[in-house]
Amino acid sequence: MKKGWEAVIGLEIHAQLSTESKIFCGCSTRFGDEPNSNTCPVCLGLPGSLPVLNWRAVELGARAALALGLRVNEVSIFARKNYFYPDLPKGYQISQYDRPFSSDGHLEIVTAERDEGGHAREWRPFEVRITRLHLEEDAGKNVHEGLPRTDLYSYIDLNRAGTPLAEIVTEPDFRTSWEAYDYVNHVRRALQWVGASEADMEKGNLRCEANVSVRRVGEEKFGTKVELKNLNSVRFMQRAIEFEIERQIELIESGGRVAQETRLWDEREACTRVMRSKEEAHDYRYFPEPDLQPLAVNADWIEQVRRAMPELPDARRKRFMGQYRLSFDDASLFTRDHALADFYERAAAASNPRGAANWLKGELLRELDAAGLAADASPVSPEELGALVRAIDEGRISGKQGKDVLVEMFRTGKGASQVIEEQGLAQVSDAAEIEKIVTDVLAANPQQLASYRAGKEALFGFFVGQVMKASKGKANPKVVNELLKEKLKAE
Amino acid sequence: MTVPGKTIELITSELSSGKTTARAVAVRSLAAAENLNDTLNAFLQIDRAGATRRAEELDREAGTDGAADSIVQGQNAATESLLRAVPIAVKDNICVRGLQATCGSRILAGYHPPYDATVVERLRAAGAVIVGKTNCDEFAMGSSNENSAFGPVRNPWDTERVPGGSSGGSAAAVAARVVPAALGSETGGSVRQPAALCGVVGVKPTYGRVSRYGLVAFGSSLDQVSVFGLTVKDAAVVLQTIAGRDERDATTADVSVPDYAAQLADDIRGARVGVPRELLGEGVDADVRARVEEAIEAYRELGVEIVDVALPHAKYSIAVYYIIATAEASSNLARYDGVRYGYRTEDPEDLRQMYRRTRDEGFGAEVKRRIMLGTYVLSSGYYDAYYLKAQKVRTLIQQDFLDAFDVCDAVLTPTTPTPAFRLGEKTDDPLSMYLSDIYTCMANLAGVPGVSVPCGLSSAGLPVGFQLMGRHWGESTILRLAHAYEQAHPLDARPRVMAEE
């Protein structure tokens, strides 16, 4: 950012809650079905229909709120947000307004600026204040392509209408696009972690809007804010914010003024464009939804939800650093998703924390990422990874062999011992057996033995090679070395 | 002396004694509906085919002779037979699968809902035969039925006069003895007011007593499906059939439903009826005042203690009502946009024009007036001064009733300030039209039940009604009081336009 300037950024996230059915009726939330097949009088907004709250959406909303450090309010009120749009069948959206489901969140995340290559410079903790997380229904969607006479007609698919959403709004606490970027990623992971949302931006079940303004450093008043939409990935959002900050600074420095408006990110042209100005802004005429009772949850229920949630990623990362002595980077890596963290802990329990960490990070994750598999779909179980680590620790195979064994385990799904045995890789460590080979080798090479004993110690490698050859490579090199040294010395 | 005409009790007893069949009952009702419709315009749709088929089905189920032994069938025999073969009319803002639901509006002309309202489901389960959909003020907005896009309903007592509204078609159908009972809906008095003007009984239940699922919304926090009956007992039987918690309406309460009909009694000695004297002064027609005073006297003679009560905030109820009801309506009627169903304007140039023209051409003047009022009171900058303030006064009105019920079991007032007025008399003066609801809309605001009972005729021979309002969930009490009065003073006069007997 240009020196002397500061950006002020607030974010709004809409996350689809992972319920089977819609928030106010029993229709399926399945994605990709025949248009308008998952509909009923309620989500079609037919005259006379009434909403009934899906309690599962409330539960998942509570999980999301707790995972993001918000306070769940014991009473919240649904409100109607009134506006006309063809994909909005009732002419209003059931949302929440002045009494949201949860509020006053304090979320600690880690963030870092990035260098030109996109690599994090230095991670630092960062606190985000989350104003509110409220529950609402999604609208349907207008379809303008792929159907007859789209020059004359628009089509409407109401399968998505009534899908439950959590809207998550922050205070204007971000000062850089990377802080916003790290926050959204944090939220995504937290929602996935507690099973509240798939939070996949490509699928559209997590959507993001940014409010951006700039001001000179030291200025306390906020500048005029611009709302950014059409941010279809976290990276697009970061780029859009970055572009918008520069645009606003340039505009002001050249004597212009920022207009309060909504702008869309154009990824192809890498710029933002005006969508609508403030003059066209809506008066949504919010009022309490008379068809629904106030949403009441008590402290016991909230506690029950909290207890049923898995350990949150940050807590788990901290525990990994303490309990397993992992570095910040390793602990962060293993807590990037719930399945991976579970995998690591099981592998560590089946071997040792250090070894499990090294083999998971260095070898198995590479295979998993290449195959596009999540940890819980790994063909190598955590217990088998642990068995492999033990085999190496105990010297049954070498580390180098271990890598080949792992690849084979990953390919075939076979256990560590089975692969080691099938490939005949198990090292011979039995001293008596090796001693016999050593004795045979020395007896077969009397000339070299004499030279060695006469002082030509460079021949030691020759003897090692012969022993390994005789053992077909299976002899434990460490035992071979020790025995050879002993026997060569002996008269 | 009794109320003339075939009550539900009479129909079901004739049926079980084999004197008649379900088919004969239906045919008689359908014929009356058809024959009188040119005069009254009470029905927007008469379901001759469906009603006849259903009646024949009922006859088959009962056995060839339609005899009484059929009543003991299955577990719910008692409920199933409660309305067996009883013809019932349904207001056109309540969804009946297979029939239209225009709500008296051009914007829903030709609209056929794909589902049954919960109340209709329950009526069908109890054996009722739905004969048709009745005319009403557009989206239930009106007090004279002159706001229907399909022409006004006429009062069977005097066809130059209005039947009241908005459920005027249902009221006229019952008054003309086409059916012994009908469903209407109330937001501010749309059943009790036409009941009074047509000389029949009208009951509005406690808010949350009857499911609104399938009732096309007007003012959601006020709307209740309500019942017309030829007698109190007719209304009571239908009400107990449709009442009770519905999983599809989150505002229905899980409160058990008494057997209202069985609890009706002639002896009401010791009951206390409160009269808010300040509401019986100015603006009340002299005949209405006289009939209501006589009714109060009649209660005294029945051993009821008459006490004075005050409803100090009742005078604000019209103002509060027209803020809350219109606010909710402005939102509830947003869905009629021409996009998915109902009327759509021809060849709009763009989306905005489609919305504007569809709604301009589809809605009538009163509906537009209320949408604008409601939009205004919810607008940013006005919300606190209007909507929020009205909600606060609504709470005070509710408190008035709670206080009154400390000293009495029911509050008695006239149902309407005047008997039926002439067609066209008030159409140019919406405010004077709004005052027709002055006694009724307070019960909707407070959420309490109310029943309107005929109490004689005016000097011009028009029916007059009084109403009793009761405690939340206290329908039994007011129905019992209403029934005892009716037993002692049945309205035995007949309207001029009436089905042949």
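## Sheet of chain A

In this predicted model, strands β2(A) and β6(A) run antiparallel and are joined by two bridges. Within that pairing, R71(A) has S103(A) of β6(A) as its bridge partner. On from there, β6(A) is joined to β7(A) by nine bridges, again with the strands running antiparallel. One of the residue pairs here is L107(A) with V128(A), the latter in β7(A).

These strands belong to an open sheet of nine strands in chain A, ordered β2-β6-β7-β10-β1-β11-β12-β13-β14, and the pairing is mixed. Its edges are β2 (71–72) and β14 (271–277) of chain A, each of which pairs on one side only. Further along the order, β1 (residues 5–16) and β11 (residues 206–216) of chain A form an antiparallel pair with 11 bridges. In this pair two glutamates face each other: E12(A) stands opposite E209(A), which is in β11(A).

## Helices on the chain A sheet

Helix α3 (residues 234–253) of chain A packs on the sheet and touches β1, β11, β12 (226–231), β13 (261–266) and β14 of chain A. The direction of α3(A) makes about 25° with that of β11(A).

Helix α1 (residues 55–67) of chain A lies across β2, β6 (102–111), β7 (124–137) and β10 (164–170) of chain A. Relative to β7(A), helix α1(A) runs at about 165°.

## Sheet of chain B

Chain B has an open sheet of 11 strands, also with mixed pairing, in the order β1-β3-β2-β4-β6-β5-β10-β11-β9-β7-β8. The strands at the edges are β1 (43–46) and β8 (305–308) of chain B, and each pairs on one side only. On average, neighbouring strands of this sheet are turned by 30° against each other when direction is ignored.

Q45(B) has K133(B) in β3(B) as its bridge partner. Helix α10 (residues 286–301) of chain B packs on the sheet, where its contacts are β7 (272–275), β8, β9 (410–414), β10 (450–457) and β11 (463–470) of chain B. The angle between the directions of α10(B) and β11(B) is about 55°.

## Interface of chains A and B

The contact between the two chains involves 32 residues of chain A and 39 residues of chain B. About 2700 Å² is buried between them, and carbon and sulfur atoms give 59% of this area. On the chain A side, P47(A), F84(A) and R285(A) lose the most area to chain B; together they make up 24% of what that side buries.

Polar links are also present: 16 residue pairs across the interface are in polar contact, counting pairs with both residues at pLDDT 80 or more. One salt bridge is found across the interface. R212(B) forms a salt bridge with D291(A), with 3.0 Å between the closest N and O atoms. In chain A, the elements that give two or more residues to the side touching chain B are β4 (78–82) and β15 (287–288). By type, the residues of that side of chain A comprise 21 nonpolar, six polar and five charged.

## Salt bridges over all chains

Over all chains the count comes to 71 salt bridges. One within chain A links D138(A) and R207(A), whose closest N and O atoms are 3.1 Å apart. D138(A) lies in the loop between β7 and β8 (141–143) of chain A, while R207(A) is in strand β11 of chain A, so the pair ties together parts that are 69 residues apart in sequence.

## Backbone exceptions

Most residues other than glycine have a negative phi, and most peptide bonds are trans. D104(A) is not a glycine, yet it has a positive phi of about 55°. The position of D104(A) is in strand β6 of chain A, a strand that is joined to both β2(A) and β7(A).

In chain B, the peptide bond from G165(B) to S166(B) is cis, with omega near 10°. S166(B) is placed in the loop between β3 and α6 (168–175) of chain B.

Definitions and conventions. Residues numbered from 1 in each chain as written. Chains lettered and ligands numbered in written order. Predicted model: local features only at pLDDT ≥ 70, side-chain atom pairs only at ≥ 80, totals over all residues. Heavy atoms only, no water. Pairing = 2+ DSSP bridges. Helix = DSSP H or I, 4+ residues; strand = E, 2+ residues; numbered from the N terminus. Contact = heavy atoms within 4.5 Å. Axes fitted to C-alpha atoms, helices over the stretch in contact; angles between N-to-C directions. Buried area = accessible area lost by both parts, 1.4 Å probe. Salt bridge = Lys/Arg side-chain N within 4 Å of Asp/Glu carboxyl O. Polar contact = N/O pair within 3.5 Å; in protein donor to acceptor, adjacent residues only side chain to side chain. Nonpolar A, V, L, I, M, F, W, Y, C, P; charged D, E, K, R; others polar.
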